[in-house]
Amino acid sequence: MKLVFATNNKHKLEEVKTIISNDFEILNLKDINCFDDIPETQDTIEGNASQKAFYIYENYKMNCFADDTGLEIDVLNGEPGVYSARYAGEGCSFDDNIEKVLKKLSGVSNRKAQFKTVISLVINGKEYQFKGIIEGTLLKERRGTSGFGYDPVFLPKGYDKTFAELSSEEKNKISHRGTASRKLAEFLKNR
């Protein structure tokens, strides 16, 4: 079965491909000649994942899944949340986003946070959602060079290494996207 993963993010694509069975051919947006600016206008992570998946299903007539992920920081009332990728503004870099978070948390002792991923799968017009959450804390400075996004400052609960210090295999075992992807894979396997 062919499934489109509504992303061009090579990091996400590789993470998900390692988890989903070889029984499925996972295509990205370039594979289906989709160069559209897919809307993400919802105010929840669940809403954005759903919006992206239905956009591909309705416009390209292919079964697909899309994800949305957010970093939710306790003392910032869940910020940056749905705005995690563009927290420092449109066209910002991962470093810009990290800088903004570190600045906002300057002098704050409660650095509890969680990553949340929601995957929305649309097959034949019917939607299924899968969620993954990992709790942790945010460090005051970056550590590690692997991963992407907020990985260098996110220390998962029970670990002494940031996501950026873990191997991709270690990270996939515990990460929010890994958890949501395994739920998706289990669902697809048992369909």
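**Strands, helices and their terms**

Author: Strands β3 and β4 form a hairpin with six residues between them, and in its turn N77 has a positive phi of about 55°. This is a predicted model, in which local features need pLDDT of at least 70 and side-chain atom pairs count only at pLDDT 80 or more, while totals for chains, interfaces and linings use all residues. Residues are numbered from 1 along each chain as its sequence is written, and side-chain values use heavy atoms, with hydrogens and water left out.

Reader: What is the omega of the peptide bond that joins E79 and P80, and is the bond cis or trans?

Author: The bond between E79 and P80 is cis, with omega at about -5°, and P80 itself lies in strand β4.

Reader: Which way do the residues of β3 point, and are they buried or exposed?

Author: C64, A66, D68, G70 and E72 point one way, whereas F65, D67, T69, L71 and I73 point the other way, and all are buried. In a regular strand the side chains alternate between the two faces of the sheet.

Reader: Why is β3 described as largely enclosed by the rest of the structure?

Author: Ten of the ten residues of β3 are buried, and that is why the strand is called largely enclosed by the rest of the structure. Its partners also include strand β1 (residues 2-5), which pairs with β3 in the parallel sense over two bridges, with F5 opposite F65, and strand β5 (residues 112-123), which pairs with β3 in the antiparallel sense over ten bridges.

Reader: Why is L71 called buried?

Author: Buried means under 20% relative accessible area, exposed means over 50%, and partly exposed lies in between (1.4 Å probe, protein chains only). L71 has 0%, so it is buried. Leaving aside neighbours within four places in sequence, L71 is in contact (heavy atoms within 4.5 Å) with G78, E79, P80, G81, S84, A113, Q114, F115, L138, Y150 and F154. The C-alpha atoms of L71 and G81 are 5.2 Å apart, although these residues are ten apart in sequence.

Reader: How do you know whether H176 is buried or exposed?

Author: H176, which is found in helix α5, has a relative accessible area of 3% and is therefore buried. Beyond its neighbours within four places in sequence, its contacts are T69, F115, K116, T117, G132, I133, I134 and F163.

Reader: What makes the packing of α1 and α5 oblique?

Author: Helix α1 (residues 10-19) and helix α5 (residues 176-189) pack at about 45°, with their axes 9 Å apart. Angles under 35 degrees count as roughly parallel, over 145 as roughly antiparallel, 65 to 115 as roughly perpendicular and the rest as oblique, and so α1 is oblique to α5. The contact is made by K12, E15, V16 and I19 of α1 together with R177, G178, S181, R182 and A185 of α5.

Reader: Where is N124 found, and is N124 buried or exposed?

Author: N124 is found in the loop between β5 and β6 (126-138), and its relative accessible area of 59% makes N124 exposed. β5 and β6 form a hairpin with two residues between them, and N124 in the turn has a positive phi of about 50°. The two strands run antiparallel and are joined by twelve bridges, with A113 opposite G136. Ten of the twelve residues of β5 are buried, so β5 is largely enclosed by the rest of the structure.

Reader: What is the phi of N33, and why is N33 called exposed?

Author: The phi of N33 is near 55°, a positive value in a residue other than glycine. N33 lies in the loop between β2 (25-27) and α2 (45-60), and with a relative accessible area of 56% it is therefore exposed.

Conventions:
Axes fitted to C-alpha atoms, helices over the stretch in contact; angles between N-to-C directions. Helix = DSSP H or I, 4+ residues; strand = E, 2+ residues; numbered from the N terminus. Pairing = 2+ DSSP bridges.
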